[in-house]
Amino acid sequence: MDLNFSAEDIAFRGEVRTFIRDHYPVELHGKIDEGEELSKEDFLKWHRVLAKKGWIAPAWPVEYGGTGWTAVQRYIWSEEAARADAIRLMPFGLSMVGPVIYTFGTSAQKERFLPGILSGDVWWCQGYSEPGAGSDLANLRTKAERFTGDDGKEYYRVNGQKTWTTMAQHADWGFFLVRTDPASKPQEGISFLLIDMKTPGITVRPIITLGGEHEVNEVWLEDVIVPVENRIYEENKGWTCAKFLLAHERTGIAGVAASKRGVERIKDVARAEQDGGQPLIANPFFKRKISELEVDLAALEFTELRTLAGESSGKGPGPESSLLKIKGTEIQQRLTELALEAAGHYGAPYFRSFGEGDNATAVGPDHSRRVAPTYFNMRKTSIYGGSNEIQRNIIAKMVLGL
């Protein structure tokens, strides 16, 4: 693997940096650092800019709207977006269901669903986890019973509950794993359905996080009628789609570029904060934690580059995506721990209550405002996308042959 950037890659980096500088929406600057909750429209502002440029789906094949960039160019893009503190695009359409549709969908399904994902006109959510079936996803209980309607067409009647459904309150469509054959082995009786979230019988109920945000939801499905034509791939073979999607999700969860930017941000804070009359960055124990983090992050970066190189040669993400997920999320959590440590007692007062008693106003430096809720929120990263314990089992089985 050649780690030197070519002249073309260096020129591409300059093009990307200039584009982000000139076109990133001004009203989005600083929103994340200032602790403002991002709206659907905030996400879509940046999405639409990239869609107009044709840069919205770098990993997609060109024939479906991709950029045709090399693995190195995609890596450069992620680095520059993180460097500019650009908000992260919602992955549910672009990185999850989109690749499932263009890989397993029919021509009609591709023509129907892919354009809306690229343009941002259709917002997606993911209906995977259930109470009692999160990391052990194959035990899901939401069922879909097939029947013939009065119009002679085939439908599913869906009943069940999903949980931790991110941004479902904004979603136009959702992709759901449902059980279509209760008598078969768990992983062999699941189908992959696309469901219009405006369908009668769907109820979305908020789950408020420790940080006070409405990010995740419960989704109830009661006699929800879904056309069979909205099923991706074969009936009872949805686990194939699910594994494919999770491999792409886990690769994206690694977040190397964002973590590198996070390290730089912590260093800036540690240079400003005092510890015993000297900058915190001079504290040997704190400095060691940062150094250890940077070493682990460099190792993760090389692993991600190897994975991208494999994808460029036609190899899809395999078991190594589990390794990226494990190390990536552990590093993200360590980053938030260091940020909280750097903020010290200024990180303690934060509490958001949506009413009387709201203590969201920072009492210390601006950088301390978001550290506590971010720390709490990032506890989830080692659980979603398949818990890290399950990922270790996958590596033991698929890589080590145990």
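Helices α2 (40-53) and α4 (91-104) each supply at least two residues of the lining of the largest cavity. Helices (H or I, at least four residues) and strands (E, at least two) are DSSP runs, numbered from the N terminus. The model is predicted: local features need pLDDT of at least 70, side-chain atom pairs count only at pLDDT 80 or more, and totals for chains, interfaces and linings use all residues. Residues are numbered from 1 along each chain as its sequence is written, and side-chain values use heavy atoms, with hydrogens and water left out.

**Exercise 1.** Describe the largest cavity and its lining.

*Solution.* 
- On a 1 Å grid over the protein atoms alone, a cavity is a set of points where a 1.4 Å probe fits but cannot get out; lining residues have an atom within 4 Å of a point.
- Take the volume, the space filled by probe spheres set on the points, which are joined across faces, edges and corners. Two cavities reach 30 Å³ or more. The largest has about 140 Å³.
- Find the centre. Of 13 lining residues, His-47, Met-90, Gly-93, Val-122 and Trp-123 are the closest to it.
- Sort the lining of the largest cavity: 10 nonpolar, three polar and no charged. Here Ala, Val, Leu, Ile, Met, Phe, Trp, Tyr, Cys and Pro count as nonpolar, Asp, Glu, Lys and Arg as charged, and the others, Gly among them, as polar.

**Exercise 2.** Describe how α1 and α3 cross, and sort the residues of their contact.

*Solution.* 
- Two packed helices are described by the angle and the distance between their axes.
- The axes of α1 (residues 7-23) and α3 (residues 71-83) come within 10 Å and cross at roughly 35 degrees. Axes are lines fitted to C-alpha atoms over the stretch in contact, with angles from 0 to 180 degrees between N-to-C directions.
- List the contact (heavy atoms within 4.5 Å). Among the α1 residues are Phe-12 and Ile-20; α3 residues include Val-72 and Trp-77.
- Sort the contact of α1 with α3: seven nonpolar, one polar and six charged.

**Exercise 3.** Are Asn-230 and Val-72 buried, partly exposed or exposed?

*Solution.* 
- Set the cut-offs: buried is under 20% relative accessible area, exposed over 50%, partly exposed in between (1.4 Å probe, protein chains only).
- Asn-230 lies in the loop between β7 (214-227) and β8 (231-232). Its relative accessibility is 3%, so Asn-230 is buried.
- Val-72, in helix α3, has 31% and is therefore partly exposed. Beyond four places away in sequence, Val-72 touches Phe-5 and Asp-9.

Definitions and conventions
On a 1 Å grid over the protein atoms alone, a cavity is a set of points where a 1.4 Å probe fits but cannot get out, and a pocket is an open set with protein on both sides within 12 Å along at least five of seven lines; lining residues have an atom within 4 Å of a point.
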